[in-house]
Amino acid sequence: MRSFALAPVAAACLSVLVSIAHADPAESLDKVVVTGNPLKSQVLAQPSDSLSGDQLVLTRAANLGDTLQGLPGVAATNFGPNASRPSIRGLDGDRVRILNNSGASVDASNLSFDHGVAIDPLVIDKVEVLRGAAALLYGGNAVGGVVNTLDNRIPRTLIDGLSGAAEVRFGGASNDKSGAVVLDGGSGTPQSGVGWHVDLAGRDADDQRAPRFDSDGDSRTSVRNSAARSHGGAVGGSVFFQGGFAGVSVDDFHTDYGTTAEADVTIKMQRQRIATAGEWATADGPIHRISWQLSRNRYEHVEMEGDEVGTTFKSSGTDGRLEVEHASLGPVKGIVGVQTEALDFSALGEEAFVPSTRTRSTGVFVLEQARLGGVDWSAGARTERVTVDSEGGDRFGPAQSRRFSPLSLAFSGVLPLDKAWSLSANLNRTQRAPAYYELFANGLHVASAAFERGDATLGLERSKGADIGLKWEGEQSHVHVNVYETRFTNYIALQATGEMVDNDGEAVPVYNFQAVPARLRGVELEGRWQAHPAVALLAQLDIVRGDNRATGEPLPRLAPLRAMLGLEARQGDWSGKLEWRGAARQTRVAEFDTPTPGYGTVRLSVARQLRWGQTDAFWYLKLDNLGNKLAYNATAVPTIRDLAPQAGRSASTGLQLRF
């Protein structure tokens with residue numbers, strides 16, 4: 001799908017979009033989230049978003065970061081088109097928790113920006129995002145937020161018979177060819193039955209096309225070394241009994257992709273995971289529900305320099321969680337829980353800048369909720385014990401061990417002002433134990449083009465935050481506004497020292513992990529107005545500002561002011577969306593970074609629901625960056641930004657069958 005052929009296609013699609021009228025109202029999206037909501041409350045104080053159904057199909061990208069970066073307050077690290085992790089409210093890395101079915105997704109994506117997230121967006125049913133501190137239930141490294149991918153690999157609801165979906169998609173800026181098949185089935189009753197799940201997925205993509213840009217003195221129209229291939233699959237099953245279920249799943253995911261930063265380096269990644277989960281509930285007795293989950297993950301990626309093995313990263317981890325919901329005590333209902341995690345990490349090769357380490361943590365938490373005085377209150381606490389051990393080595397010195405005891409507290413309330421308006425407030429006090437690389441790194445990090453040094457004497461990262469939200473919910477229209485601020489007593493930042501070291505004849509800067517006082521604050525606005533039964537107007541705006549309070553210097557990799565204006569229409573089985581997204585010039589940058597120009601891009605999509613007997617289908621056509629605008633991402637590290645601009649003008653199409 002060449003760019004010169006898009007003009008007539010775009011005109012035809014726009015004609016279809018404008019002609020949509022006199023239609024049935026669009027179906028409302030399911031906004032009920034399970035992440036951070038173990039008591040299944042209908043009202044949540046913490047800002048949250050979810051993608052599922054047709055909306056997820058239309059926004060699904062090759063990686064998790066690009067799938068979510070259109071949500072309020074959510075950006076992406078964009079280390080080329082294959083490695084992109086979500087960044088929430090200016091925080092990334094170990095401050096954003098990536099979960100799979102509410103359990104830890106073990107990989108090395110928090111260690112380095114060129115390491116992809118080991119989750120395939122093709123087979124997930126739903127993604128939920130919590131913006132802001134969620135340390136109470138998920139630990140101190142959820143101070144920025146939580147991204148939880150949900151699938152049915154362990155069936156939680158019995159399906160009597162067979163259901164499933166198959167999807168194929170083609171095109172896009174990377175000439176993507178991908179597909180997935182998901183099957184679910186079962187027999188019996190919810191009191192005595194068996195359910196099963198199978199899924200398979202694969203993807204093949206070329207180098208990403210881009211508007212003409214200059215890179216390393218060359219003029220290019222594609223992002224070098226950005227092709228990728230991936231495949232994966234899973235099987236799972238559950239037994240259902242009176243009041244609950246118990247199940248197990250096994251999955252395997254492989255991907256090979258170019259690193260972009262280095263023209264001849266590719267990464268071969270694989271992750272295997274075995275998980276079990278279950279729940280038992282009753283309306284009688286002091287305990288109303290017990291739920292559990294346990295997973296074991298094995299992760300490995302090998303950085304290939306041509307045909308030779310460069311550096312090998314390995315992680316193996318176990319994550320377990322138990323929650324117990326007690327009977328109501330007057331108006332108070334709540335849960336107590338325990339979570340344990342174990343992570344063994346090793347890196348072997350010339351570019352191993354972190355020693356082999358072991359991390360062990362155990363957290364105990366309590367969450368209580370009550371409706372008092374017309375306000376929905378929530379309060380809780382979490383205490384943890386974290387141990388981080390380094391095996392040391394020639395470059396890293398003797399073996400070392402650090403122990404930490406983080407304590408996190410949270411308090412929130414939601415006040416209904418009338419049937420449509422509500423006011424929410426969140427207060428939190430979060431403590432995070434330093435990650436193994438923040439403590440023990442000592443070597444050249446190619447992804448950031450810097451020599452990074454950890455600090456084994458670092459203490460807990462402490463922060464206090466507040467979030468105020470105002471919501472208006474109409475029948476098919478809404479407005480959500482959030483204002484937040486987080487103050488860190490000792491934000492663990494990677495700071496330039498001014499020192500230079502030699503790397504094969506090239507001088508590279510030295511950066512140290514240091515604790516500094518910092519502040520992050522921002523505003524998020526998102527709205528939808530159903531102007532006509534067939535037409536809705538969409539708008540979104542977010543801005544985040546972060547500073548080192550000791551020096552006044554901006555924190556690194558912050559998204560600029562971003563805005564979106566959209567038009568959504570529907571007529572019968574047809575639907576369409578026209579969207580403009582813009583970002584202002586980012587001039588507030590950290591030392592040794594450079595400003596990023598602003599941009600505005602236009603997207604157009606048209607979709608149709610199809611029905612053939614008991615089978616229905618969803619066909620779509622997406623036209624991205626219609627103006628072929630050259631755009632760079634301010635949240636990407638400087639070493640990759642000029643090498644990998646955002647995708648150029650492209651068209652893609654796909655079909656999903658559901659039965």
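A residue is counted as buried when its relative accessible area is under 20%. In this predicted model, Asn 78 has a relative accessibility of 10% and is therefore classed as buried. Asn 78 is located in the loop that runs between β2 (74–76) and β3 (86–88). Its backbone carries a positive phi, near 45 degrees, in a residue other than glycine. Most residues other than glycine have a negative phi.

A positive phi is also found at Asn 175, which is not a glycine and has a value of about 50 degrees. Asn 175 belongs to the loop between β8 and β9 (176–189). With a relative accessibility of 33%, Asn 175 counts as partly exposed, whereas Asn 78 counts as buried.

A further loop residue is Asn 152, placed between β7 (145–150) and β8 (161–171). The relative accessible area of Asn 152 is 18%, and the residue is buried. When residues up to four places away in sequence are not counted, Asn 152 touches Asp 125, Asp 184 and His 197.

The largest cavity holds about 630 Å³ of space. Its lining is made up of 35 residues, and those nearest the centre are Asp 94, Arg 97, Asn 141, Glu 341 and Leu 343. Two or more lining residues are given by each of the elements β4 (96–100), β17 (308–329), β18 (332–348), β19 (357–372), β20 (375–390) and β23 (421–432). Of the contributions to this lining, the largest share is that of β20, with 4 residues. In terms of residue class, the lining of the largest cavity comprises 14 nonpolar, 12 polar and 9 charged residues.

Charged side chains were examined next. The count of salt bridges in the model comes to 42. One of these joins Asp 54 and Arg 658, whose closest N and O atoms are 2.7 Å apart. Asp 54 is part of helix α2 (residues 53–59) and Arg 658 is part of strand β34 (residues 650–658), so this pair ties together parts that are 604 residues apart in sequence. Asp 54 is partly exposed, its relative accessible area being 23%.

A salt bridge is also formed by Asp 256 and Lys 268, with 3.4 Å between the closest N and O atoms. Because Asp 256 lies in strand β14 (residues 244–258) and Lys 268 in strand β15 (residues 265–281), the pair ties together parts that are 12 residues apart in sequence. Asp 256 has a relative accessibility of 35% and counts as partly exposed. Lys 268 is likewise partly exposed, with a relative accessible area of 39%.

In the salt bridge between Glu 128 and Lys 126, the closest N and O atoms are 3.2 Å apart. Glu 128 is buried, with a relative accessible area of 1%, and Lys 126 is buried as well, with a relative accessible area of 13%.

How values were computed. Residues numbered from 1 in each chain as written. Predicted model: local features only at pLDDT ≥ 70, side-chain atom pairs only at ≥ 80, totals over all residues. Heavy atoms only, no water. 1 Å grid on protein atoms, 1.4 Å probe; cavity = no way out; pocket = protein on both sides within 12 Å on 5 of 7 lines; lining within 4 Å. Points joined across faces, edges and corners; volume = space filled by probe spheres on them. Nonpolar A, V, L, I, M, F, W, Y, C, P; charged D, E, K, R; others polar. Salt bridge = Lys/Arg side-chain N within 4 Å of Asp/Glu carboxyl O. Buried < 20%, exposed > 50% of the residue type's maximum accessible area, 1.4 Å probe, protein only. Contact = heavy atoms within 4.5 Å.
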